[in-house]
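Good morning, colleagues. Please keep the sequence and the structure in view while I speak.

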Amino acid sequence: MSRVIAPTDLAAAGPGPAVPQHVAIIMDGNGRWATARHLPRTAGHERGVEALRRTVEAAGDLGIRYLTVFSFSTENWRRPAAEVSTLFSLLKTYVQLDLARLKREGVRIRVIGERGGLPPDIASLVSMAEAETRDNARFNLTIAFNYGSRDEIARAASAFARDVADGKCSADIREADFARYLDTSGLPDPDLMVRTSGEYRISNFLLWQAAYAELVFLDVLWPDFGRAQLEEALRRYAERERRYGAVSPGAG
Ligand code: IPE
Ligand code: IPE
Ligand code: MG
């Protein structure tokens, strides 16, 4: 046996605990929520921020330690400029309005994605929020903004190639070493990935990290998401058997 996946790379192999340590959410359906109410799509995004606040609070109460939310994808630049601009302003006001409370509540904030593509005021606000909450350990909120998993993997490969060229490491890289070049370095892999709005795809979110995540798709539109919907996702997660390629303990 050579180069098998070390069990340590797959966190707790075998049946996992009933509550996932790390939940990733693709927050989808804001536009449809607004359109159904004859409102502009941006109204759906505004209500989506309320859903995020409810979800962060509920996740902490339910014993989840890491929550990673998909907020703006590298592909979302294809949307009308006015909608893109609303999404950027909402990130900015969320950080401005909620940072003090999140910091007090022991939340560590991280933002993953291509930082160079953010306007300088937002990039510095985000860096400040990360620095201000760096010592918090009760709960980890990671916001994927201007994030695309293929972009992340390509950036990681570039950074790795530079380190090899600079003689800082060998080209014979292993999984765990490569993972350190990803934006999610330091975060455990998600145990559960939830997508709202009834779409069955992952739209370039955490492709590497979600290798063994349990997937739960819910019909609810993101602005209607809250504690009850998170609990439903956790119930479905608890029914799964995580095998990581092995066989069930009871199999003959
Ligand atoms: C999710 O809602 C928010 C982002 C992708 C930025 P959408 O805006 O995608 O809503 P739908 O899918 O059009 O309903
Ligand atoms: C995924 O939703 C991205 C975010 C939730 C930020 P999209 O609405 O952009 O995904 P597609 O286009 O339906 O795949
Ligand atoms: Mg969508």
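This is a predicted model: local features need pLDDT of at least 70, side-chain atom pairs count only at pLDDT 80 or more; totals for chains, interfaces and linings use all residues.

Let me begin with ligand 1. Its shell consists of 13 residues, of which the closest are Asp28, Gly31, Arg32, Arg41 and Arg79. Three of these arginines place polar side-chain atoms beside ligand oxygens. For arginine 32, a side-chain N or O atom is 2.7 Å from an oxygen atom of ligand 1. For arginine 41, the corresponding distance to an oxygen atom of ligand 1 is 2.9 Å. In arginine 79, a polar side-chain atom lies 2.7 Å from an oxygen atom of the ligand. Taken alone, ligand 1 exposes 380 Å², and the protein buries 87% of that area.

Which helices supply at least two residues each to the shell around ligand 1? They are helix H1, residues 30-36, helix H2, residues 41-61, and helix H3, residues 81-104. H1 gives the most, with 3 residues. Sorted by class, the shell around ligand 1 holds 5 charged, 6 polar and 2 nonpolar residues.

I turn now to ligand 2. The residues around ligand 2 are Ile26, Met27, Asp28, Phe70, Ser71, Phe72, Ser73, Asn76, Arg79, Arg195, Arg201 and Ser203.

What are the polar distances at ligand 2? In serine 203, a side-chain N or O atom is 2.6 Å from an oxygen atom of ligand 2. A polar side-chain atom of arginine 201 lies 2.8 Å from an oxygen atom of ligand 2. The side chain of aspartate 28 has an N or O atom 3.2 Å from an oxygen atom of ligand 2. On its own, ligand 2 has 390 Å² of accessible area, and the protein covers 78% of it.

Strand S2 provides the largest share of the shell around ligand 2, with 4 residues. By class, the shell around ligand 2 has 4 charged, 4 polar and 4 nonpolar residues.

H2 has 21 residues and reaches 31 Å from its first C-alpha to its last, close to the 30 Å expected at 1.5 Å a residue. Its buried residues are Ala43, Gly44, His45, Gly48, Val49, Ala51, Leu52, Thr55, Val56, Ala58, Ala59 and Gly60. What covers the buried residues of H2? The cover includes strand S1, residues 22-26, strand S4, residues 139-147, and S2, together with H1, H3 and H7.

Threonine 55 lies in helix H2, and it counts as buried because its relative accessible area is 0%, under the 20% limit. Beyond its neighbours within four places in sequence, threonine 55 is in contact with Ile25, Leu67, Trp222, Phe225 and Leu230.

A counterpart in a strand is valine 69, in S2, residues 66-73. Is valine 69 buried or exposed? At 0% relative accessibility, valine 69 counts as buried. Setting aside neighbours within four places in sequence, valine 69 is in contact with Ile25, Met27, Leu52, Leu141, Thr142, Ile143, Ala144 and Phe205. Between valine 69 and valine 56, the C-alpha separation is 9.9 Å, at 13 residues apart in sequence.

I close with the backbone. Most residues other than glycine have a negative phi. Histidine 38 is not a glycine, yet its phi is positive, near 55 degrees. Histidine 38 is found in the loop between H1 and H2, and it counts as exposed because its relative accessibility is 75%, over the 50% limit.

Tyrosine 244 also has a positive phi, of about 50 degrees, although it is not a glycine. Where does tyrosine 244 lie? It is in the segment after helix H7, residues 227-238. At 13% relative accessibility, tyrosine 244 counts as buried. Finally, H2 is followed by glycine 63, whose phi is positive, near 95 degrees.

Thank you for your attention.

Note on methods: Residues are numbered from 1 along each chain as its sequence is written. Chains are lettered from A and ligands numbered from 1 in the order in which they are written. Side-chain values use heavy atoms; hydrogens and water are left out. A residue is near a molecule or strand if one of its heavy atoms lies within 4 Å of it. A polar contact is a pair of N or O atoms within 3.5 Å; within protein, one must be able to donate a hydrogen and the other to accept it, and residues adjacent in sequence count only if both atoms are side-chain atoms. Accessible areas come from the Shrake-Rupley method with a 1.4 Å probe; for residues, only the protein chains shown count as cover. Ala, Val, Leu, Ile, Met, Phe, Trp, Tyr, Cys and Pro count as nonpolar, Asp, Glu, Lys and Arg as charged, and the others, Gly among them, as polar. Buried means under 20% relative accessible area, exposed over 50%, partly exposed in between (1.4 Å probe, protein chains only). Contact means heavy atoms within 4.5 Å. The expected span of a helix is 1.5 Å times one less than its number of residues.
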